[in-house]
Amino acid sequence: MRYAIGLDLGGTNLKGGLVDQAGRVVFKASRASPVEHHSPEPVVAALIGFAQELRDQARGMGLEPEGFGFGPPNFVEGPDWIQRQVNNLPALNDFPLRPPLAAALGENIAIDNDVMNAGLAEYHFGEGHKYDRVFFIAIGTGIAASIFVEGGQRVRYILGWPGDTGHIIVDPHGRRCTCGGRGCLETVASGPAIREFALDVARAQKSPALAARLAEKGDLDARDVTEAALAGDEAARLIWDEAGWYLGVALTSYQHIYDPHIILVGGGVAEASELLLGPIRRTMAALGSPYYLKHLREIKKASLGADAGFIGAAALILLPQALR
Ligand SMILES: [Zn+2]
């Protein structure tokens, strides 16, 4: 059996673990992200320290990892892995990350964007393995996708991405987006958008459950909306209907472009499960071309959850280049 260590570099937590070649997690760990620093060196030292701890734990079990895979939630440019558009660990912006990591951890290291890694894990080790064409969408603070087309080929354009899924326009008359555009998918279906809708509904006293929750904890998030909806709160359910409608609009267009066999919905917002998936399915059935829709066998919650990012990072080491 072969093993590698994968690391998922989030803005809140660093997650990592030892993963085997079948995608099984041998052990995992997490710790707070080193967000407090203003220069790259202490951030890099924290990443290396975490990676070495994971390796030492593996060795303590008599297992030798072949290498380390990394997944930052931003763009990575060029052979030295220059970090671009780093919003959650801003000290790393424009920093060439590969040289110090290679010096400390050896040459068998790899990197790809966190959502690309999560998609890779879901494709090879999750529900995606049953199909050829797979569309993975991660919905959290932002929205991004990882798309597999014919023969497991991955769609990659600028900086290795399949394009900025969170910023396709789904509501031309809608709100301004943080990107400067108007009516982007992230303005109506991301975690922050769900929170905004929930706060509006609670403050307008349209939802007794959300108003009570807001009074209790001073803020709301997607989980509160899920709990309220599951408890029968009509206004909370409508928030998911609305988010699901807009996701359905976006995913119908993607169905017409890439014709996936399965759509896997991941990220924190996907924890709403059927509250979100139901409206997505209904919207796609109402808007889509029957020719393309007949190829879509399933719309499901992604199965690997919050571990997908580091499992996919380890897969960068464990899978042959052609399968990444
Ligand atoms: Zn936008």
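Q: In this predicted model, which residues touch the most other members of the largest nonpolar core?
A: They are Phe135, Leu210, Trp240 and Leu276, in a core of 49 residues. Helix 8, residues 234-258, gives the most to this core, with eleven residues. Another core, of 31 residues, lies apart from it and has Val43, Leu54, Ala58 and Leu97 among its members.

Q: What makes a set of residues a nonpolar core?
A: The residues must be buried, of a nonpolar kind such as Leu or Phe, and joined through side-chain atoms within 4.5 Å. Phe135 and Leu210 are two of the residues in the largest such core.

Q: Which residues is Phe135 in contact with, leaving aside its neighbours within four places in sequence?
A: Among them are Ala145, Ser146, Ile147, Leu251, Tyr254 and Tyr258. Phe135 also forms one aromatic cluster with Tyr254 and Tyr258.

Q: Why is the pair of Tyr123 and Phe148 called stacked?
A: Rings pair if their centres lie within 6.5 Å, and planes under 30 degrees apart count as stacked. The centres of Tyr123 and Phe148 are 3.9 Å apart and their planes are at 10°, so the pair is stacked. Tyr123 lies in helix 3 and Phe148 in strand 9, 25 residues apart, and the pair links distant parts of the chain. Both residues are buried.

Q: What makes the pair of Tyr291 and Tyr292 edge-to-face?
A: For that, the planes must be over 60 degrees apart. The planes of Tyr291 and Tyr292 are at 80° and the ring centres 5.0 Å apart, so the pair is edge-to-face. The count of aromatic pairs comes to five.

Q: How do you know that the site of the zinc ion is tetrahedral?
A: Four donors count as tetrahedral if all angles lie between 85 and 135 degrees. The angles among the four donor atoms are 102 to 121°, and the site is tetrahedral. The donors are His167 (ND1), Cys177 (SG), Cys179 (SG) and Cys184 (SG), at 2.0 to 2.3 Å. Along the chain they follow the spacing H-x9-C-x1-C-x4-C.

Q: Why is Thr187 called buried?
A: The relative accessible area of Thr187 is 10%, so Thr187 is buried. Thr187 is placed in helix 4, residues 186-189. Not counting residues up to four places away in sequence, Thr187 touches Arg175, Arg176, Cys177, Ala193 and Phe197.

Q: How do you know that Thr187 has a polar contact with Cys184?
A: The pair of N or O atoms must be within 3.5 Å. A polar atom of the Thr187 side chain lies 2.6 Å from the backbone oxygen of Cys184.

Q: Is Gln85 buried or exposed, and why?
A: Exposed means over 50%. Gln85 has a relative accessible area of 51%, so Gln85 is exposed. Gln85 lies in the loop between strand 6 and helix 2, and its phi is positive, near 55°.

Q: Why does Asp259 count as buried?
A: Asp259 is at 10% relative accessibility, so Asp259 counts as buried. Asp259 lies in the loop between helix 8 and strand 11, with a positive phi of about 55° although it is not a glycine.

Methods
Residues are numbered from 1 along each chain as its sequence is written. This is a predicted model: local features need pLDDT of at least 70, side-chain atom pairs count only at pLDDT 80 or more; totals for chains, interfaces and linings use all residues. Side-chain values use heavy atoms; hydrogens and water are left out. Helices (H or I, at least four residues) and strands (E, at least two) are DSSP runs, numbered from the N terminus. Buried means under 20% relative accessible area, exposed over 50%, partly exposed in between (1.4 Å probe, protein chains only). A polar contact is a pair of N or O atoms within 3.5 Å; within protein, one must be able to donate a hydrogen and the other to accept it, and residues adjacent in sequence count only if both atoms are side-chain atoms. Contact means heavy atoms within 4.5 Å. Donors are N, O and S atoms within 2.8 Å of the metal (3.2 Å for Na, K and Ca); water is not among the atoms, so sites may look incomplete. Four donors count as tetrahedral if all angles lie between 85 and 135 degrees; four count as square planar and six as octahedral if opposite donors are over 155 degrees apart and all others between 65 and 115; anything else is irregular. Rings of Phe, Tyr and Trp (its six-membered ring) pair if their centres lie within 6.5 Å; planes under 30 degrees apart count as stacked, over 60 as edge-to-face and the rest as tilted.
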